[in-house]
Amino acid sequence: MPINRNFQQLSENYFFSAINRRASQFAEAHPDQRLIRLSIGDVTQPLCPCVVAALEKAAQEMGKVDTFRGYGPEQGYPFLREAIAGYYKKWNISLETEEIFISDGAKSDLGNILDLFSEGTSVLIPDPVYPVYVDASIMGGKKILFLDASEENSFLPLPPAFHADVIFLCSPNNPTGAVYSKDGLQAWVDYALAEKAVLLFDGAYEAFITDPSLPHSIFEVDGAKKCAIEFCSFSKKAGFTGTRCGYTVIPKELEIDGLSLNHLWLRRQTTKFNGVPYIVQRGAEAVFTPQGEQETTKAIAYYQENARIIRQGLDQLSISYTGGENAPYIWMRCPGRMDSEQYFKFLLEHCTVVGSPGIGFGKNGKYFFRLTAFGDREDVKEAIKRIINCMSL
Ligand code: MLT
């Protein structure tokens with residue numbers, strides 16, 4: 001049977017599923033202890049009121065014969081693509097609506113985009129990294145090249161001296177929370193143009209940038225439209241982890257060997273994807289209204305305050321970390337020479353707190369640990385209190 005043998009190279013379980021399973025097993029064995037989960041970056045604040053109102057209105061429309069909708073355009077409804085193009089204007093980026101593809105979240109497109117590249121394509125992936133890039137590359141039989149991200153380069157590696165066909169970049173970064181400057185991104189764009197490579201830029205966390213000098217989009221950089229694809233999501237920006245909506249931008253200028261990647265992706269999506277529900281797209285559209293902007297900014301501020309509380313706790317313990325200022329993740333060095341697996345066990349067993357061991361994001365994460373700021377405020381405070389108490393014993 002010609003099964004895709006690449007799957008045999010994957011670890012047994014997806015990283016976050018494995019963590020959840022371990023946490024649940026612990027919770028079952030210790031029903032008297034309250035587990036606090038600061039591992040997977042799942043939001044805890046509800047959808048904002050104007051999104052809920054838009055979802056309700058759209059649901060009503062679907063119940064009336066005059067306003068009912070069947071299949072929608074695979075690429076997304078024009079009203080949402082226009083709203084997204086409007087959003088990019090605040091960074092002086094001009095997009096045509098045909099360059100925007102609505103998806104059910106960045107994760108699907110980040111994996112599926114590899115359909116555009118043949119087996120054996122070299123894919124450059126920073127380490128540590130969001131595990132989806134690695135697993136999807138393995139499934140697709142790509143040749144993976146790793147690039148070290150470490151304290152030495154502030155977890156923001158610059159282009160290597162060798163060639164790669166495709167490069168995954170994530171800024172603000174998951175898991176390290178580090179953010180590229182415009183100069184840093186320019187170096188990557190220059191590399192991609194010189195190497196005729198394609199940058200796959202994951203901007204899922206752009207809404208967490210507070211420093212006005214930092215770029216939110218790869219298209220703020222000169223030349224990027226000729227070499228980059230950008231992936232974004234409403235998950236973290238507007239609490240859509242359970243509602244599911246994202247978007248991918250593929251500029252028309254992006255051509256490889258005379259082939260338009262925008263056209264290839266449209267061909268792929270019209271064949272394999274039937275679009276995001278109308279109701280959900282109406283909810284996403286509301287995020288870009290003035291009221292939506294105001295309400296989502298409030299929810300993001302809540303998570304930013306959580307991040308501040310976590311950072312303050314780590315400062316108190318003199319533990320070094322990156323992130324948490326322009327990103328919702330805090331990437332800390334494991335204390336007491338523990339490696340990340342040992343620290344995972346320590347936190348679980350002594351503090352009943354679950355985080356993400358850095359090794360799950362790559363070999364360079366071996367002595368690091370990721371905490372998310374997406375938790376409930378009281379949980380975050382309690383988790384930090386427990387960690388401080390445990391570490392001070
Ligand atoms: C994470 O925890 O890294 C993210 O929540 C995963 C995701 O967005 O798929």
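Start with the second largest pocket, which holds about 300 Å³ of space. To find its middle in this predicted model, select Ser11, Phe15, Pro131, Asp135 and Gly360, the closest to the centre among the 18 residues that line the second largest pocket. A pocket here is an open set of points on a 1 Å grid over the protein atoms alone, where a 1.4 Å probe fits, with protein on both sides within 12 Å along at least five of seven lines; lining residues have an atom within 4 Å of a point. Points are joined across faces, edges and corners, and the volume is the space filled by probe spheres set on them.

Next, colour α1 (15-29), β3 (122-127) and α5 (131-139), the elements that give two or more residues to this lining. α5 gives the most, with four residues. Helices are DSSP runs of H or I with at least four residues, strands are runs of E with at least two, and both are numbered from the N terminus.

Now show domain 1 (5-47 + 291-392) and domain 2 (49-288): both give residues to the lining of the second largest pocket, so it lies between them. The domain bounds come from an automatic or database assignment.

Move to the largest pocket, with a volume of about 390 Å³. Select Gly41, Lys107, Tyr130, Tyr205 and Lys236, the closest to its centre of the 20 lining residues. Then select α4 (106-112) and α7 (235-238), which each supply at least two lining residues; α4 gives the most, with three.

Residues are numbered from 1 along each chain as its sequence is written. Local features need pLDDT of at least 70, side-chain atom pairs count only at pLDDT 80 or more, totals for chains, interfaces and linings use all residues, and side-chain values use heavy atoms, without hydrogens and water.
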